[in-house]
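Student: Hey, can we go through this one together? I'd like to start with the aromatic rings and then look at the charged side chains.

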Amino acid sequence: MDAEALGRYIDRHFHRPGHRLFRMELLPAYAVDSDGDDYQRWLDGAAEPTWARKQPWLDALRDERDNDQFSTRVRVISAEVTDYERYACEFGYRYNSEAGEDIRILRRGEHVLPSGLIERDFWVINDDIVIPMSYDDHGRFVGAQVVAADNVGGYLHTRDAAWSAAEPFPTWWARHPELQRGPTARAQ
């Protein structure tokens, strides 16, 4: 599946009250269209995301929350936090978590990563659909494919173990002011 097909697939299977969606993220940087030009803007010192791009996503997260759908994510962060990871925290996770996505952080060297984790980005929908994602060496999305139902066990173990070991994003972010932009950030 390409990115558009993946989005449609998730929408078809994650739409009812009680549905659950989990995302595992591990790359130190992504080069994906969904960022628009916000990563470059962040590098240039912008203080906040492009709201015309970001607001529809936040509205969708709020709508899911109001519909009793549960979006969760574990983000594995590098020991030496990359610029992209800082950008994702400032322009992504801090707003997403306020809108209803439950995000947790596992930082290498700070948190103990459970043994036996599948070190690959993937989605889990409703405990029975697993979709591993592939990226090239530059963090560009290459594709995704649904795993056969009899092969989801390792992914569910990874999801559960990572979730249990990870720290809620708001708590982790508040403990790391050194990673946050200071008052000198300028709006573009």
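Student: Which residues form the aromatic cluster?
Tutor: Tyr30, Tyr39, Trp42, Tyr84, Tyr87, Phe91, Tyr135 and Phe141 make up one aromatic cluster. Keep in mind that we're looking at a predicted model.

Student: Okay, and how many aromatic pairs are there?
Tutor: The count comes to 15 aromatic pairs. One of them is tyrosine 39 with tryptophan 42, with 6.5 Å from centre to centre and 10° between the planes.

Student: What is that pair called, stacked or edge-to-face?
Tutor: Tyrosine 39 and tryptophan 42 are stacked. The planes are 10° apart, and under 30 degrees counts as stacked.

Student: Where do tyrosine 39 and tryptophan 42 sit in helix 2, relative to each other?
Tutor: They're three residues apart in helix 2, which spans residues 38-43, so about one helical turn separates them.

Student: Is tryptophan 42 buried or exposed?
Tutor: Tryptophan 42 is buried, at 2% relative accessibility. Tyrosine 39 is partly exposed, with a relative accessible area of 24%.

Student: Which arginine lies over the face of tryptophan 42?
Tutor: That's arginine 181, at 4.1 Å from the ring centre. Elsewhere, arginine 20 lies over the face of phenylalanine 70, at 4.5 Å from the ring centre.

Student: Switching to charges: how many salt bridges does a search of the whole structure find?
Tutor: It finds 18 salt bridges. Among them is aspartate 38 with arginine 53, whose closest N and O atoms are 2.4 Å apart. This pair links distant parts of the chain, since aspartate 38 is in helix 2 and arginine 53 is in helix 3 (residues 51-66), 15 residues apart.

Student: Is aspartate 38 buried or exposed?
Tutor: Aspartate 38 counts as buried, at 0% relative accessibility.

Student: What about arginine 62, what does its side chain meet in a salt bridge?
Tutor: It meets aspartate 59, at 3.9 Å from N to O.

Student: Which residues are in the network with them?
Tutor: Salt bridges with shared partners join Arg23, Glu25, Arg73, Arg75, Glu85, Glu101 and Asp121 into one network.

Conventions: Residues numbered from 1 in each chain as written. Predicted model: local features only at pLDDT ≥ 70, side-chain atom pairs only at ≥ 80, totals over all residues. Heavy atoms only, no water. Phe/Tyr/Trp six-rings, centres within 6.5 Å; stacked < 30°, edge-to-face > 60°. Helix = DSSP H or I, 4+ residues; strand = E, 2+ residues; numbered from the N terminus. Buried < 20%, exposed > 50% of the residue type's maximum accessible area, 1.4 Å probe, protein only. Lys NZ or Arg CZ within 6 Å of the ring centre and 35° of its normal. Salt bridge = Lys/Arg side-chain N within 4 Å of Asp/Glu carboxyl O.
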